[in-house]
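Here's a quick briefing for anyone meeting this structure for the first time. Have a look at it below, then read on.

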Amino acid sequence: MRSILCLVLLCCAVWAQPPATAAKQQVLWQKLESSIGAIDQNLDGVLGLVVTDLTTNQTYARHADDLFPTASSIKIAVLAELYHQAQSGKLKLTDLYTVQTADLVPDSDIMNGLTPGVTQLTLRDLATMMVAVSDNAATNVLIDRVGMDNVNATLDSLGLTHTRLRRKMMDLKAASEGRENVATPREMAALLTLLYRGKLLNPAMTDDFFKMLSTNKSSPLRRDLPEGLKIADKHGELEGVRNDSGLVFLENRPYVISVMTTYLRHERDGEEAITKISLETYRMFDRLARASEYGRVISPANTTK
């Protein structure tokens with residue numbers, strides 16, 4: 001009887017141990033954590049982040065549940081609600097909007113160059129401007145169209161109760177009164193993950209959403225990554241704040257990354273921290289994507305035996 005019990009315990013112990021492959025890959029995660037820790041240590045500000053492996057669901061988090069100002073990263077939630085309402089038939093992405101003088105606000109490079117009362121744009125056009133050049137006037141028009149309360153209700157339905165759209169872009173009065181757009185790194189990463197998993201949009205809408213969010217742009221998350229790599233992200237900038245959240249469509253190993261910084265002494269340092277973290281994260285996932293279960297990478301040009 002004792003021998004049987006020992007055999008059962010031995011089997012349980014064996015099955016409880018992670019496979020050799022997982023154990024080796026865990027070392028890479030530990031080294032990524034160490035690298036990110038060093039970047040954070042050298043940053044004169046506060047940093048939070050989440051990295052999620054969409055293949056295994058493994059996540060690395062750092063100050064992931066702290067609230068940060070989102071800056072323009074909240075536009076991901078606005079875009080999601082736009083597509084959600086297009087899917088439900090409340091609107092069409094081809095619906096037309098005529099530019100109005102009252103809608104124009106600073107940091108709207110494209111909208112401010114259009115002719116009020118004459119120029120017409122589709123909602124898709126406005127979304128492209130919001131994503132590609134972070135046009136604030138285009139964003140505010142979309143917020144009016146989909147409704148701020150509807151954006152937050154959809155976030156609630158996904159379980160993202162800390163991510164809040166509380167004001168339009170460039171509404172300094174609202175911001176001074178404490179009505180800031182906020183989120184946690186965990187919820188920004190979760191929003192992208194849920195969208196990727198098809199929890200809000202159907203497959204066709206999901207594909208179109210990420211195509212839109214992948215519109216080429218200059219962002220700290222993308223800066224040092226290979227050209228041609230599909231990255232669906234939206235960065236944000238405010239005084240003392242730099243953020244970027246995105247989904248990197250790395251072949252065989254897609255992942256989500258959200259890095260948020262605040263209380264920055266120098267905003268440029270926040271951007272550089274995001275860029276460094278993004279590159280370190282990419283390098284790990286690139287190895288995981290191309291390696292065998294033993295860790296050997298066989299590239300087309302590799303002739304080493």
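A search of the whole structure turns up 19 salt bridges, a salt bridge being a side-chain nitrogen of Lys or Arg within 4 Å of a carboxyl oxygen of Asp or Glu. Keep in mind that this is a predicted model: local features need pLDDT of at least 70, side-chain atom pairs count only at pLDDT 80 or more, and totals for chains, interfaces and linings use all residues. Residues are numbered from 1 along each chain as its sequence is written, and side-chain values use heavy atoms, with hydrogens and water left out.

**Salt bridges**

- Arg62 pairs up with Asp40 in a salt bridge, with the closest N and O atoms 2.7 Å apart. Arg62 sits in strand β2 (residues 59-62) and Asp40 in helix α2 (residues 20-41), so this pair ties together parts that are 22 residues apart in sequence.
- A word on those labels: helices (H or I, at least four residues) and strands (E, at least two) are DSSP runs, numbered from the N terminus.
- Asp40 is buried, at 11% relative accessible area, while Arg62 counts as partly exposed at 22%. Here buried means under 20% relative accessible area, exposed over 50%, and partly exposed in between (1.4 Å probe, protein chains only).
- Another salt bridge brings together the side chains of Asp44 and Arg265, at 3.8 Å from N to O. Asp44 is in the loop between α2 and β1 (46-53) and Arg265 in the loop between β9 (255-262) and α10 (267-290), so the pair links parts that are 221 residues apart in sequence.
- Asp44 is partly exposed, with 42% relative accessibility, and Arg265 is exposed, with 61%.
- Arg253 and Asp53 form a salt bridge too, their closest N and O atoms being 2.8 Å apart. Arg253 belongs to the loop between β8 (241-248) and β9, and Asp53 to strand β1, so parts 200 residues apart in sequence are tied together. Both Arg253 and Asp53 are buried.

- β1 and β2 run antiparallel and are joined by four bridges; two strands pair if DSSP finds at least two bridges between them.
- Thr52 stands opposite Thr59 in β2.
- This hairpin has five residues between its strands, and Asn57 takes a positive phi near 70° there.

**Pocket and cavity**

- How big is the largest pocket? Its volume is about 480 Å³.
- Both kinds of space are found on a 1 Å grid over the protein atoms alone: a cavity is a set of points where a 1.4 Å probe fits but cannot get out, and a pocket is an open set with protein on both sides within 12 Å along at least five of seven lines. Lining residues have an atom within 4 Å of a point. Grid points are joined across faces, edges and corners, and a volume is the space filled by probe spheres set on the points.
- The largest pocket has 24 lining residues, and Ser72, Asp107, Ser134, Asn136 and Glu237 lie nearest its centre. The elements giving two or more residues to this lining are α7 (172-176) and β7 (231-238), and β7 gives the most, with five residues.
- Sorted by class, the lining of the largest pocket has eight nonpolar, seven polar and nine charged residues. Ala, Val, Leu, Ile, Met, Phe, Trp, Tyr, Cys and Pro count as nonpolar, Asp, Glu, Lys and Arg as charged, and the others, Gly among them, as polar.
- There is one cavity of 30 Å³ or more, and the largest cavity holds about 40 Å³ of space.
- Among the residues lining the largest cavity are Ala77, Glu81, Val151 and Leu200. α3 (75-88) and α6 (148-157) each supply at least two residues of that lining.

**Helix α4**

- Which residues of helix α4 (residues 123-132) are buried? They are Leu123, Leu126, Ala127, Met129, Met130 and Val131.
- Just after α4, Ser134 takes a positive phi of about 55°.

**The whole protein**

- The protein has ten helices and nine strands.
- Its C-alpha trace spans about 85 × 45 × 45 Å along the principal axes.
- Of its 305 residues, 49% count as buried.
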